Amino acid sequence: MSAAMNHERGPRHTIIKNRFSLAATLFFGLLFMILIGFRTGVWNREKRAPALTATEITAKDTWMSILQRNRKIGYTHRMLTPSETGFSLTEVTYMKLNVMGMAQEIFVETGGSLDKSFALSSFNFSLKSGLFQFIAYGGVKEKNLIIYINGKRTVIPIDEAIHLSAGMVEAVWGKGLKPGDSKTIDIFDPSTLSKRPVTITVAGKETVKIMGEKIPSTKLLIDFMGTQQSAWMDDMGEIVKEEGLLSLSLERTDKEKALSGISDKPMDDVIDLASVKPDKAIKRPENLKKLIVKIGGLKTSMDLDGGRQTYRDGLLTITRESPTDLNAASGHPDLSAYLRPEPFIQSDHPEIVTIARKITDGSQTDLDKALKILEWMNQTIEKRPVVSIPDALTTLQNKTGDCNEHAVLAAAIARAAQLPADIESGVVYMKGGFFYHAWNRLYIGNAWVTFDAALNQFPADVTHIRLVQGGLEKQMDLISVIGKMTLSIMGDGE
């Protein structure tokens, strides 16, 4: 391999604790959409579902403790207040997580204005962690959901009324479901602009102990993208307990107890909890030209086959690209989608256009552009774990982030420089395990080549196992494999 393509300046593992993660997608998806999102997401109810009236719902003020392995790491506070036009909803969540050995404080606030049938009129959402803050707000106008993400307008057509989940439990319970019955509802997530189905099944009656009191309740099973969560609802229709992935749970409490007793040093590293341990170690992964693994626990829709990856009969072979790939005949594919801006990849923003021109000035080829972008990213963007919704502009302004921030910024700069770019997500091998990770692929010459700005690898080593291609919406598919994927090393070669 030429020196130009084997661009790995310095040691391979230069990041905090030698690990990077899909922080935004997995944390927002797992912690909020699955656990907390059961009450704070945006829901789409069936047209035939009975409308509820304001007289049937009274004001609610609920506090819950958030626990990880029975160790308190945060709280959530939800208020639902009837108004003249319907309802007002506010939910505030605080968590302190151990992410790659660093304590991360996360603040989430969701608000909404609802009509008397719980249809959404307007909403606001914010997530703040360290230097990063994600803000989305908007509302429904005719048959469109208009959303502003960090100030940029996005319009999404909708066929039916959009509902905040404040009415989700009532909507399900209003169907008169009995033990064994199920109902599927679509959830819309403004952070990824995606809509996914959630199936709720009534398991039966159970008694749970909350704050020393035995509470008769109904157990609900929630299936979200193949993951399982349990919730217990009392006879008044309020959730008193939830359990989900990564040993997380929520329990109803009072204000004083919710705000006190939060651990200063959360013990379990959520990145370690979500990692995949192979059957044996991989030696010198940076030198391998090929890796063969037996992979299990994945759903069939994963993007395993294509490009440098070949998937046959349960075996996945990853072959590292070489300079000859840049001249391989591949026709003339339509690459326009990989040059356009996206809500989180703001390649048309003046700040990103300016920096792209500055970085790639004087480049004679697309390969020159790629190498200059990699060098600039490595020298300029601090590598550190963050928990936020990653977008290129915020990453450029803060000049810090983990793999997701690196991936969206690299994609934006490349596209602004007229270099087709996309995002790939999956796992990468480090310190004896496979950790969830995101990187890029760039179209250079006549071929796609992997590009990992976070690990300063171009092309990326063969332990980068791609599971999905695309941005945050596609990365949500990874939720279905957390805790299920298995990897066995079948062969490798230098």
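Start at the hairpin of strands S2 and S3: select Arg69, which takes a positive phi near 50 degrees, with two residues between the strands. Strands here are DSSP runs of E with at least two residues, helices are runs of H or I with at least four, and both are numbered from the N terminus. Before you go on, know that this is a predicted model: local features need pLDDT of at least 70, side-chain atom pairs count only at pLDDT 80 or more, and totals for chains, interfaces and linings use all residues. Residues are numbered from 1 along each chain as its sequence is written, and side-chain values use heavy atoms, with hydrogens and water left out.

**Around S2**

Now colour S2, residues 60–68. Eight of its nine residues are buried, where buried means under 20% relative accessible area, exposed means over 50%, and partly exposed lies in between (1.4 Å probe, protein chains only). S2 runs antiparallel to S3 (residues 71–82), and nine bridges join them; strands count as paired if DSSP finds at least two bridges between them. Click Thr62 and look across to Arg78 in S3, which stands opposite. S2 also pairs with strand S16 (residues 248–253), again in the antiparallel sense, over six bridges. Which residue of S16 stands opposite Ser65? That's Glu251.

**A few charged pairs**

Next, select Lys241 and Glu243. They form a salt bridge, with the closest N and O atoms 3.4 Å apart; the term needs a side-chain nitrogen of Lys or Arg within 4 Å of a carboxyl oxygen of Asp or Glu. Lys241 is buried, at 17% relative accessible area, while Glu243 counts as partly exposed at 35%. Move on to Arg441 and Asp422, whose closest N and O atoms are 3.3 Å apart in another salt bridge. Arg441 lies in strand S23 and Asp422 in strand S22 (residues 421–430), so this pair ties together parts that are 19 residues apart in sequence. Both Arg441 and Asp422 are buried.

Stay on S22 and pick Glu424. Its salt bridge partner is Arg466, with the closest N and O atoms 3.5 Å apart. Arg466 sits in strand S25 (residues 465–469) and Glu424 in S22, so the pair ties together parts 42 residues apart in sequence. Arg466 is buried, with a relative accessible area of 3%, and Glu424 counts as buried at 4%.

One more stop on S22 is Ser425. Buried or exposed? Ser425 is buried, at 0% relative accessible area.

**Helix H6**

Select residues 366–380. At 1.5 Å a residue, the 15 residues of H6 should span 21 Å, and the end C-alpha atoms are 21 Å apart, which agrees; the expected span is 1.5 Å times one less than the number of residues. Among its buried residues are Leu367, Leu371, Leu374 and Trp376. The cover over the buried residues of H6 includes helix H5 (350–360), helix H7 (392–398) and helix H8 (403–416), going by contact, meaning heavy atoms within 4.5 Å.

**The cores**

Finish inside. The largest nonpolar core has 74 residues, and those with the most contacts inside it include Phe134, Phe434 and Met485. Strand S4 (residues 86–99) gives the most to this core, with five residues. A second, separate core of 38 residues includes Ile381 and Leu396. A nonpolar core is a set of buried Ala, Val, Leu, Ile, Met, Phe, Trp, Tyr and Cys residues joined through side-chain atoms within 4.5 Å.
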